Amino acid sequence: MKLFISCCAALLIGNVALPQSPAPPSAKTRHLFIITIDGFRWQEVFTGADPSLVANPDYVRDTALTKELYWDSTAELRRRRLMPFFWSTIAGQGRLYGNRLFSNKVNVKNFYKISYPGYNEIFTGHTDAFISPNLMINNKNTNVLEYLNNSVAYHGKVAVFTSWSVFPYILNESRSRLPINSGYQRLNETGDAEADMIDSVEESMSHSKTRHDMLTWLTAREYIKQHHPSVLFLGLGETDEFAHAGRYDLYLQHATDVDRMIAELWYAVQTDPFYKDSTTFLITTDHGRGWKTTKWTTHGFWAQGSGDIWLSLIGPDILPEGELKSREQVYQKQFAATIAALLGNPAAPGHPPGSPIEIPSAPAAAQAGSR
C-alpha cells in the first residue's frame, strides 16, 4: 500500500502546483477520523435494545441470554449496556445528535435511503436521484476526501478502510486516486509481521461483498500505527448484514463489538503523541431502518423510519454537551461540508456543497460562558 500511496501522490502532484493552504485555523483539530456504522438505527443508539425485538423468537435465537446481556429497566441503562463507550466517553466529552424523542433530528435527504445514495450524500453533499442501485458504478460527484487529498495541508495524508467492497466506486478511486483498502484487499506492508498475519487470515476466508468488520478494523489500526494518516475513513458494515438476515441478537452483539472497536481506536489516538488532543471523531450511519417490528430488517423509501439517522462527535474543539435534547434539524447532506469545516476548510478545488452543521466549539463556549 506504501507503493500505491506514493504512486497516487506522484499522479496527483505532477508538475502542477497545488493550491496554497490558508494559515492554520485557531482550532486544535488537525486530524479527523470518520467512522460509519452501516444501517445502525437511532433507536438502539439512544434507547438500547428494542423491547419489541429483544425477546422476539423470530429474530433472537436465545431470548433469555440476549435479555440478560442487553435488557434493563430504562432506556438509559439499556443503551449503556449496549454501547458503553458512547454513553460514557462520548456522552461525557462530545455530542450526540438524533434522539427523536426530544425532537432532535438528523435525516437523510436522498429519496432512496439505501447505502450507495447515503454514502454519496455523506461524502459529496449531493442527493442525486439517479444514484439508486448499490452497484459498482463510479460516482461522478467529487467527494470531500478527494477534496482534502488535493489540498496542500492533507495531500497524501488521507486513507480509507471499508468492509463493503462498493466503496472504491462510491469514492471513485480511479478518478480520486484515494488510497482505498476495501473488501478483502491485502495491506501488503513490507516487513510488517502483523500486517502479513492479517493478510494471511483474509486470504484464508471465503470472500463476500462485505469483509468482516474486525478485519477491516485491524487493517486500519495497523495502517494507522505505521503511517499516521491525518484523515481516515473507517466504514463498518456488519450491522446492516445481520439486520437484513433478521438476526437481532447478532445485530446487538455486533453493535457492542463496534463500540469497543471505536473505544480502542480512541484510546490509541489519545495515547499517541501525533494524534493526542488534536483528533476529532465523527461517527454516523448511512441510513436508518424500518421502525415497525416487522420492518426493522429492511430499509428504503418504502420502509418508514429509513431516513432517520444520528451523528456523534468527539474532539478537542467540540463543546461537550452529550446527548442533545434541544429541538433541532440537521441533514446528512451537510456532513461533507462539516468534515471540511472541522479541518479549517483547507484551500482546494471542488469545495463540498452545502452549509456545515453549526457546532459550538469548546473554546468559544468557554469565552461566552456555558449554555
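1. Asn188 counts as partly exposed, at 42% relative accessibility (buried is under 20% relative accessible area, exposed over 50%, partly exposed in between, with a 1.4 Å probe and protein chains only). Asn188 is not a glycine, yet its phi is positive, near 55°. The residue sits in the loop between β5 (180-182) and α10 (193-204); helices (H or I, at least four residues) and strands (E, at least two) are DSSP runs, numbered from the N terminus.

2. This is a predicted model, in which local features need pLDDT of at least 70 and side-chain atom pairs count only at pLDDT 80 or more, while totals for chains, interfaces and linings use all residues. Residues are numbered from 1 along each chain as its sequence is written, and side-chain values use heavy atoms, with hydrogens and water left out.

3. His228 also has a positive phi, near 50°. His228 lies between α11 (213-227) and β6 (231-236), in the loop, and is partly exposed at a relative accessible area of 24%.

4. The open sheet has 8 strands in the order β5-β4-β6-β1-β7-β9-β2-β10, with mixed pairing; two strands pair if DSSP finds at least two bridges between them. β5 and β10 (322-323) are at the edges with a single partner strand each, so one side of each has no neighbour in the sheet.

5. Strands β7 (residues 279-284) and β9 (residues 311-314) run antiparallel and are joined by 4 bridges. Ile283 has Ser312 of β9 as its bridge partner.

6. Helix α13 (residues 248-270) packs on the sheet and touches β1, β6, β7 and β9, contact meaning heavy atoms within 4.5 Å. The direction of α13 makes about 170° with that of β7; axes are lines fitted to C-alpha atoms, for helices over the stretch in contact, and angles run from 0 to 180 degrees between N-to-C directions.
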